[in-house]
Amino acid sequence: MAPISHLSYGYASAGFSPEGQAVLSEEEQRELGVTSRSVLGRPMFDRIGGMENIRVLEKEAMALAAEGVLVPPVHHFPLTRAARAHRALETRATLGKVVLVP
């Protein structure tokens, strides 16, 4: 199984540490089997060479997705299980996107 990267763009409830890092403990990372890196703010701009190069990350991600290297995790819930999907989101039981399927 390929390693999973967790790129943090922000949390609605957890926020960020004073250093700008997402609040995801090393223990949580081990449990989830992910590496975690904040890509919001200064870390992102430093990586891409400034605000004017913001599309660099987008192009890189799209190329990796097209190659099948970057596969975002998606959890599907039938619409009849919407309450369960919401509980999964609220309790952070999911990683990635949650989709309700009619």
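Helices (H or I, at least four residues) and strands (E, at least two) are DSSP runs, numbered from the N terminus. By that rule the chain has four helices and four strands. Their order from the N terminus is β-α-β-α-α-β-α-β. This is a predicted model, in which local features need pLDDT of at least 70 and side-chain atom pairs count only at pLDDT 80 or more, while totals for chains, interfaces and linings use all residues. Residues are numbered from 1 along each chain as its sequence is written, and side-chain values use heavy atoms, with hydrogens and water left out.

**Confidence**
- The mean pLDDT of the chain (the predictor's confidence in each residue, from 0 to 100) is 76, and 69% of its residues reach 70 or more.
- Residues 10-15 have a pLDDT below 50, yet beyond near neighbours in sequence this stretch has 12 contacts in the model; contact means heavy atoms within 4.5 Å.

**Whole chain**
- Of the 102 residues in the chain, 17% are buried; buried means under 20% relative accessible area, exposed over 50%, and partly exposed in between (1.4 Å probe, protein chains only).
- The accessible surface of the chain is about 7800 Å², and carbon and sulfur atoms account for 59% of that surface. Accessible areas come from the Shrake-Rupley method with a 1.4 Å probe, and for residues only the protein chains shown count as cover.
- Taking contacts in the chain between residues at least 6 apart in sequence, 32% join residues at least 24 apart.

**Strands S3 and S4**
- Strand S3 (residues 74-78) and strand S4 (residues 97-101) run parallel and are joined by five bridges; two strands pair if DSSP finds at least two bridges between them.
- Val74 stands opposite Lys97 in S4, and Phe77 stands opposite Leu100 in S4.
- Together with helix H4 (residues 82-90), S3 and S4 make a right-handed β-α-β unit. A crossover is right-handed if, with the strands pointing away from the viewer, the path from the first strand over the helix to the second runs clockwise.

**Val98**
- Val98 lies in strand S4 and is partly exposed, with a relative accessible area of 24%.
- Leaving aside neighbours within four places in sequence, Val98 is in contact with His75, Phe77, Ala85 and Leu89.
- Val98 and His86 are 12 residues apart in sequence, and their C-alpha atoms are 9.0 Å apart in space.

**Helix H3 and backbone angles**
- Helix H3 (residues 55-66) has 12 residues and reaches 16 Å from first C-alpha to last, close to the 16 Å expected at 1.5 Å a residue; the expected span is 1.5 Å times one less than the number of residues.
- Most residues other than glycine have a negative phi.
- Arg92 is not a glycine but has a positive phi of about 60 degrees.
- Arg92 lies in the loop between H4 and S4 and is partly exposed, with a relative accessible area of 40%.
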